[in-house]
Amino acid sequence: LAGMLRRLRAPKSMRWDDKPTVFARPIRRLLALYGARVVPLDIDGLRAGRVTRGHRFLSPAPISVRSADYEQLRARLLAAHVILEAGAREAEIVRQLLAHGAREERIDRGLVRVCANLVEWPSVVRGAFPPAMLELPEAVLVTALKKHQRSFCTYHDDGTLAPGFLAVANNDLQDEELIRGGYERVVVARLADARFFWTEDCGKKLAARVDALTHVTFQEKLGSYYDKSVRVRSLAEYLAAAAGREELAPAVARAAMLSRADLTTAMVFEFPELQGTMGRIYARVVDGEPEDVCAAIEEMYQPRGADDALRATPAGALLSVADKIDSIAGCCAVGLGPTGSADPYALRRQALGVLKIIAR
């Protein structure tokens, strides 16, 4: 058991005090039973027993567990304001989101899973922010609420964003107004930051940011992102001609040079996951680029994973293939190809992306 626990890893595993075990959270107590007997488990001097606790604030008293009866443990923890199974917490969060008017098809299930693993007693609270913040692009609002407060957006009946959010508190909401006020203060401050980034970024065209990519390294042996953009442009033009779609060459060439310019924006610096998305938005809103160029800028990054969408436009497909082939060929040429245990540049995923686009 000790060895198994030490092998568990999370994206942000940490070490506390002088203890050698690395884990996602401090290990405060161990409950380990086999039937009615305590398993003699020891982790860094912390010995297992038959005592656990409920919710830290709502039911802080110790709970003595007599035997390894799962149903009994679940019932006792539920009475102590702890929902034991993560799946049950997810279901409860979704139930409350729907009760607060969330649109089922717009609920971020990944965020639900994150929240379910952050709370023991989920309680959804509805908050609001100034309607003026709706001037921000929807992608920015959704990402800011998700990243900073693990909160969900709210929508009008017509599907447009509403000036509100749904947060998942780890409490029973007896002081709901106080809890709501705390969430709203943080949300408004974070959205104000995002609005400042948006205003600053809109003051400079995306095309004017391309030269700054010479100072952003793609890979030490493969040069800057400007160098990569030039290579991708040439390759995309070649692929357009080889595919008999010469009419796409101007769009893919333009999109190739603009595709990574958003790396120099304040918004992408704050929200790296919006790379490509903000490029499309800035290209349309600030630069006034044609729609096929704007779409290709974002579609170049897709598919980002096995379940991601495929290209919606021919220009986006060509640019995506060109970018992925450049990464694969370049990294393999300088000895950075994937091994049995490591693939730091995600070349396998990019090769699968190329195949998915071709197969489509």
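Predicted model: local features only at pLDDT ≥ 70, side-chain atom pairs only at ≥ 80, totals over all residues.
Here are some friendly notes on the pockets, helix contacts and backbone details of this structure.

1. Let's begin with the largest pocket, which has a volume of about 1700 Å³. Its lining is made up of 36 residues. If you want to find the middle of this pocket on screen, look for Arg25, Pro26, Arg28, Arg29 and Glu120, the lining residues that lie nearest its centre.

2. Which elements supply at least two residues each to the lining of the largest pocket? They are helix 1 (2-7), strand 5 (51-53) and helix 2 (70-79). Strand 5 gives the largest share, with three residues.

3. Next comes the second largest pocket, with a volume of about 520 Å³. Here 13 residues form the lining, and Thr143, Glu273, Leu274, Thr277 and Arg304 are the ones nearest the centre. Helix 5 (residues 138-149) contributes the largest share of this lining, five residues. Sorted by class, the lining of the second largest pocket holds seven charged, three polar and three nonpolar residues.

4. Now follow helix 12 (residues 314-333) and see how helix 11 (residues 291-299) meets it. The axes of helix 11 and helix 12 come within 8 Å of each other and cross at roughly 40°. Parallel, perpendicular or oblique? Helix 11 and helix 12 are therefore oblique to each other, and their crossing is right-handed. On the helix 11 side, the contact uses Asp292, Ala296 and Glu299, while helix 12 brings Ala315, Gly316, Leu319 and Ser320. This contact of helix 11 with helix 12 counts three nonpolar, two polar and two charged residues.

5. Helix 7 (residues 225-242) is another partner of helix 12: the two pack at an angle of about 125°, with their axes 8 Å apart. That angle makes helix 7 oblique to helix 12. The crossing of helix 7 and helix 12 is right-handed. From helix 7, the residues in contact are Lys228, Arg231, Val232, Leu235, Ala236, Leu239 and Ala240; they meet Leu318, Leu319, Val321, Ala322, Asp323, Ile325, Asp326 and Ser327 of helix 12. By class, this contact of helix 7 with helix 12 has ten nonpolar residues, one polar residue and four charged residues.

6. Helix 13 (residues 347-359) also packs against helix 12, at an angle of about 145° and with the axes 9 Å apart. Is the crossing of helix 12 and helix 13 left-handed or right-handed? It is left-handed. Ten nonpolar, four polar and two charged residues make up the contact of helix 12 with helix 13.

7. Two backbone details deserve a look. The first topic is a peptide bond: Gln302 and Pro303 are joined by a cis peptide bond, with omega about -5°. Pro303 sits in the loop between helix 11 and helix 12, so you can find this spot while you are looking at point 5.

8. The other detail concerns Asp44, which has a positive phi of about 55° although it is not a glycine. Where does Asp44 lie? Its place is the loop between strand 3 (42-43) and strand 4 (46-47).

Definitions and conventions:
Residues numbered from 1 in each chain as written. Heavy atoms only, no water. 1 Å grid on protein atoms, 1.4 Å probe; cavity = no way out; pocket = protein on both sides within 12 Å on 5 of 7 lines; lining within 4 Å. Points joined across faces, edges and corners; volume = space filled by probe spheres on them. Helix = DSSP H or I, 4+ residues; strand = E, 2+ residues; numbered from the N terminus. Nonpolar A, V, L, I, M, F, W, Y, C, P; charged D, E, K, R; others polar. Axes fitted to C-alpha atoms, helices over the stretch in contact; angles between N-to-C directions. Parallel < 35°, antiparallel > 145°, perpendicular 65-115°, else oblique. Left-handed = near helix turned anticlockwise from the far one by under 90°. Contact = heavy atoms within 4.5 Å.
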